[in-house]
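Q: Could you walk me through this model, one kind of feature at a time? I would like the general idea, then the case in hand.

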Amino acid sequence: MLNTLNQPQSSALSDKLLHFTKDFETYIQDLKNILQKPKSWDISFVDFDETLYSRIPQFKKDKRFVECRWQAWIDLVYKEIWRDIFLKDYYNPDWVVKDVLSRTDVILTAGIDDLQRWKLEHSGIDKEALVVAEHKQKPKAVLKYVLKSLKSIPENITFIDDKAFDLSEEFRLLSDILQTKIILENIYLDSEKPTEVDHIDKKIFEKWKELVLS
Ligand SMILES: [Mg+2]
């Protein structure tokens, strides 16, 4: 299926930036500078949990992982199982989804900073990693990375995540702000073979058009 949806007229840059940050003034000059520059190479931002590494083996082995949420989950890992045993038992380099890792430039994951970085280290993933507290902060992290670290706008930005489509509106706006193509890949890992991808749904934002591929 292929749909083309026309998006509403763009508003001022500052209004759009307000969706991402209250101190948007610090971003505006950076943006004006890099919008003048030629576009740079493509980049991909890739989630960790359920994207590069399935948690299904954990759920099958210990049902407490299914039952515990938030603080209860943290207490389970840190006080009952113990962090080092959790990492050793569940984060093995053999279980990384290699098809996704081969397309990863920067890891963009949400959670507890130290724990996410230990998970990456135990999984043998040696990539630059950005850790945010919550999933909804990922589009702002992409904007900040492009402005402050890359200092040029990639031709294509790919965002691969098992909850990519939850952030569709924010990435549509970001594509509008950066005037570049953003590809969302909503990934579903295979529940029987956790190192394999079952399927991927895609959305492509390119200026004021949105293409939905499924
Ligand atoms: Mg995830």
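A: Gladly. Let's start with strands: two strands pair if DSSP finds at least two bridges between them. Helices (H or I, at least four residues) and strands (E, at least two) are DSSP runs, numbered from the N terminus. This is a predicted model, where local features need pLDDT of at least 70, side-chain atom pairs count only at pLDDT 80 or more, and totals for chains, interfaces and linings use all residues. Residues are numbered from 1 along each chain as its sequence is written.

Q: In which sense do strand 3 and strand 4 pair, and over how many bridges?

A: Strand 3 and strand 4 (residues 128-132) pair in the parallel sense, with five bridges between them. Within that pairing, Leu108 has Leu130 of strand 4 as its bridge partner. Strand 2 (residues 43-46) also runs parallel to strand 3, joined by two bridges, and here Phe45 stands opposite Val106 of strand 3.

Q: Which bridges does strand 5 make?

A: Strand 5 is joined to strand 2 by four bridges, and the two run parallel; Ile43 has Ile157 in strand 5 as its bridge partner. Strand 5 also pairs with strand 6 (residues 181-189), again in the parallel sense, over six bridges. There, Asp161 stands opposite Asn186 of strand 6.

Q: How do I read the packing of helix 9 and helix 10?

A: Two packed helices are described by the angle between their axes and the distance between the axes. Axes are lines fitted to C-alpha atoms, for helices over the stretch in contact, and angles run from 0 to 180 degrees between N-to-C directions. The axes of helix 9 (residues 138-150) and helix 10 (residues 168-178) come within 10 Å and cross at roughly 20°. Helix 9 and helix 10 are therefore roughly parallel to each other (angles under 35 degrees count as roughly parallel, over 145 as roughly antiparallel, 65 to 115 as roughly perpendicular and the rest as oblique).

Q: Which residues of helix 9 and helix 10 meet?

A: Contact has a cut-off: the C-beta atoms of two residues, placed from the backbone, lie within 7 Å. From helix 9, Pro139, Val142, Leu143 and Val146 meet Glu170, Phe171, Leu174 and Leu178 of helix 10. Among the residues of this contact, seven are nonpolar, none is polar and one is charged (Ala, Val, Leu, Ile, Met, Phe, Trp, Tyr, Cys and Pro count as nonpolar, Asp, Glu, Lys and Arg as charged, and the others, Gly among them, as polar). Helix 10 is mostly covered, with eight of its 11 residues buried, including Phe171, Leu174 and Leu178.

Q: What does Ala141 contact?

A: Ala141 lies in helix 9. Leaving aside neighbours within four places in sequence, Ala141 is in contact with Leu108, Leu130 and Val132. Ala141 is partly exposed, because 18 other C-beta atoms lie within 10 Å.

Q: Where is Lys151, and what is its phi?

A: Lys151 is in the loop between helix 9 and strand 5. Although not a glycine, Lys151 has a positive phi of about 60°. Lys151 is exposed, because 12 other C-beta atoms lie within 10 Å.

How values were computed. Buried ≥ 20, exposed ≤ 12 C-beta atoms within 10 Å, placed from the backbone.
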